[in-house]
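This report covers the fold, the nonpolar core and a nonpolar surface patch of one protein.

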Amino acid sequence: MSVTILRESAFFRGSTRLHIYLNGEKVDTITSGEKKEIDVPGNEALLKVSQFGGKSNTLKVYEGDQIRLSVTPWAHWFLMIFLVLLPATITYFDRIDSGIILILALIIYFGVYSFFKSFSLIKVPSSIKE
């Protein structure tokens, strides 16, 4: 049994590999714009992806399923807000060492990033499949 995963091309997190998990075990990786066919033992499996603590939803997949993998909209916005607020914060709090602010900001960023679902797995309906 196999399923096909298509990772959308993306600028954000596009140059890094996502780890693909089936039933909790890492089976492969996928890059931006790549299409992978993953062999799945049995009739069904639980599919999930992750990267640097960011996770996707868990999706039950069956033979022949085609899955679209994308970055969730909140992850794009959160990064943009983070990149704008970090320099402003370092400038505003000039009495605090910028290294401490950077460390705290990274802890907050990765904490939020790992708490919310950063990636989305969606089954492509059979009428839209390639």
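A residue counts as buried under 20% relative accessible area, as exposed over 50%, and as partly exposed in between. Ile96, at 40% relative accessibility, is therefore partly exposed. The model discussed here is predicted.

The protein has nine strands and two helices. Starting at the N terminus, the order of elements is β-β-β-β-β-β-β-β-α-α-β. Of the 130 residues, 34% are buried. The exposed surface comes to about 8100 Å², and carbon and sulfur atoms supply 62% of that area. Where contacts join residues at least 6 apart in sequence, 68% of them link residues at least 24 apart.

The largest nonpolar core holds 18 residues, and Ile5, Leu47 and Leu69 touch the most other members.

Apart from neighbours within four places in sequence, the contacts of Leu47 are Ile5, Ile20, Tyr21, Leu22, Asn57, Thr58, Leu59, Val61, Ile67 and Leu121.

In soluble globular proteins, nonpolar side chains tend to be buried together. On the surface of this model, however, Tyr92, Phe93, Ile96, Ile100, Ile103, Leu104 and Ile107 form a nonpolar patch, and their accessible area together is about 740 Å². Helix H2 (residues 98-115) gives the most to the patch, with four residues. Ile96, a patch member, sits in the loop between helix H1 (73-92) and H2.

Conventions:
Residues are numbered from 1 along each chain as its sequence is written. This is a predicted model: local features need pLDDT of at least 70, side-chain atom pairs count only at pLDDT 80 or more; totals for chains, interfaces and linings use all residues. Side-chain values use heavy atoms; hydrogens and water are left out. Buried means under 20% relative accessible area, exposed over 50%, partly exposed in between (1.4 Å probe, protein chains only). Contact means heavy atoms within 4.5 Å. Accessible areas come from the Shrake-Rupley method with a 1.4 Å probe; for residues, only the protein chains shown count as cover. Patches are made of residues with over 30% relative accessible area and no salt bridge: like charges are joined within 9 Å, nonpolar side chains (Val, Leu, Ile, Met, Phe, Trp, Tyr) within 5 Å. A salt bridge is a side-chain nitrogen of Lys or Arg within 4 Å of a carboxyl oxygen of Asp or Glu. A nonpolar core is a set of buried Ala, Val, Leu, Ile, Met, Phe, Trp, Tyr and Cys residues joined through side-chain atoms within 4.5 Å.
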